[in-house]
Amino acid sequence: MAEKLTDNEKEYYVLVRKVFAILAPFYDVIAAPFSGIRDRMVNFTNAQKGSKTLDVATGTGQQAFAFAKKGYDVVGIDLSEAILNVAKKKNKYKNAKFEVADATNLPFENNSFDISSISFALHEMPLSIREKVLKEMVRVTKPKGIIVIADYDLPKNKISKFLVYHFISLYETKYYKTFIKSDLEALLSKNRIKIMEKDTVMHGVGRILKGINNKLLY
Ligand SMILES: C[S@@+](CC[C@H](N)C(=O)[O-])C[C@H]1O[C@@H](n2cnc3c(N)ncnc32)[C@H](O)[C@@H]1O
């Protein structure tokens with residue numbers, strides 16, 4: 001039986017579908033600052049060609065394409081049909097495909113993927129959704145498989161931190177504030193993702209975390 005959503009979660013689903021239907025045609029321009037992290041994220045996984053890879057909340061598929069370019073066999077999923085249509089139109093890779101799906105309820109069997117990734121999506125989610133998404137990524141990724149996450153961070157320097165926080169808060173949803181103040185690494189660890197490597201990107205405004213799926217075999 002489907003889990004009952006809280007009012008907060010319902011509000012989030014309505015918002016995501018509405019916002020990304022509007023942003024879909026311009027999303028690649030808006031996301032241009034993230035373009036430098038795509039290949040870095042692939043290199044970070046250090047996996048073999050042909051690795052079965054899931055890109056969660058793929059948006060216009062830029063991260064999925066970076067995996068496909070390196071020979072990974074990739075599926076990108078997203079809640080927004082509008083944004084996935086952009087990904088599908090841009091797709092020139094036989095080893096990349098896209099499906100509409102909710103990351104809190106992935107339409108894949110347990111242990112289906114060698115790698116799963118999520119970039120710049122967790123900060124847009126209420127904590128309860130964020131946690132459900134991580135649980136699903138752990139479920140569909142093989143034990144000891146790689147889970148790679150890119151998202152916002154704050155620079156160490158106090159003035160830069162203040163400026164970046166207030167600037168990003170102007171255009172992101174209300175969930176950014178709770179996300180950036182939360183302990184992402186503790187959340188990953190609670191969900192059996194063991195952090196193996198970290199990288200600071202975009203002058204401290206972003207981070208990439210590479211984890212190993214530390215779940216027990218099931
Ligand atoms: C800021 S965009 C990031 C897109 C892409 N990963 C990137 O790095 O450019 C966030 C994406 O998360 C998707 N999303 C949000 N909640 C989702 C959910 N529950 N399931 C699947 N996709 C979701 C949105 O539709 C949107 O495409």
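These legends go with a set of close-up views of a predicted model. Residues are numbered from 1 along each chain as its sequence is written, and side-chain values use heavy atoms, with hydrogens and water left out. Because the model is predicted, local features need pLDDT of at least 70 and side-chain atom pairs count only at pLDDT 80 or more, while totals for chains, interfaces and linings use all residues.

**View A. Phe-108 and Phe-113 meet edge-to-face.** Rings of Phe, Tyr and Trp (its six-membered ring) count as a pair if their centres lie within 6.5 Å; planes under 30 degrees apart are stacked, over 60 edge-to-face, and the rest tilted. By this rule the count comes to twelve aromatic pairs. In the pair shown here, the ring centres of Phe-108 and Phe-113 are 5.1 Å apart and the planes sit at 90°, so the pair is edge-to-face. Both Phe-108 and Phe-113 are buried, where buried means under 20% relative accessible area, exposed over 50%, and partly exposed in between (1.4 Å probe, protein chains only). Look also for Lys-52, which lies over the face of Phe-113, at 5.4 Å from the ring centre. For that label, NZ of Lys or CZ of Arg has to be within 6 Å of the ring centre and within 35 degrees of the ring normal.

**View B. Phe-120 and Tyr-152 belong to an aromatic cluster.** The ring centres of Phe-120 and Tyr-152 are 5.4 Å apart with planes at 80°, so this pair is edge-to-face. Phe-120 lies in the loop between strand S4 (113–119) and helix H6 (127–140), and Tyr-152 in strand S5 (residues 141–152), so the pair ties together parts that are 32 residues apart in sequence. Helices (H or I, at least four residues) and strands (E, at least two) are DSSP runs, numbered from the N terminus. Phe-120 counts as buried at 6% relative accessibility, and Tyr-152 counts as buried at 3%. The cluster is made up of Phe-34, Phe-120, Tyr-152, Tyr-165 and Tyr-176.

**View C. The ligand sits among 20 residues.** A residue belongs to these surroundings if one of its heavy atoms lies within 4 Å of the molecule. Tyr-12, Tyr-27, Ala-57, Asp-78 and Ser-119 come nearest. A polar side-chain atom of Arg-38 lies 2.8 Å from an oxygen atom of the ligand, and a polar side-chain atom of Ser-119 lies 2.7 Å from a ligand oxygen. A backbone N or O atom of Leu-79 is 3.1 Å from a nitrogen atom of the ligand. Of the 600 Å² of accessible area that the ligand has on its own, the protein covers 98%. Accessible areas come from the Shrake-Rupley method with a 1.4 Å probe; for residues, only the protein chains shown count as cover.

**View D. Tyr-13, Asp-102 and Thr-104 are linked by polar contacts.** A polar contact is a pair of N or O atoms within 3.5 Å; within protein, one must be able to donate a hydrogen and the other to accept it, and residues adjacent in sequence count only if both atoms are side-chain atoms. The side chains of Tyr-13 and Asp-102 are joined at 2.7 Å, those of Thr-104 and Asp-102 at 3.0 Å, and those of Thr-104 and Tyr-13 at 3.2 Å. Tyr-13 is in helix H1 (residues 7–23) and is buried, with a relative accessible area of 8%. Thr-104 is in the loop between strand S3 (96–100) and S4, and counts as buried at 18%. Lys-132, in helix H6, is also buried, at 19%. Setting aside neighbours within four places in sequence, Lys-132 is in contact (heavy atoms within 4.5 Å) with Glu-3, Leu-5, Glu-9, Ala-103 and Thr-104.

**View E. Ala-57 and Met-202 have positive phi values.** Most residues other than glycine have a negative phi. Phi of Ala-57 is near 55°, while phi of Met-202 is near 50°. Ala-57 lies in the loop between strand S1 (52–56) and helix H4 (62–69), and at 22% relative accessibility counts as partly exposed. Met-202 lies in the loop between strand S6 (193–201) and strand S7 (206–213).
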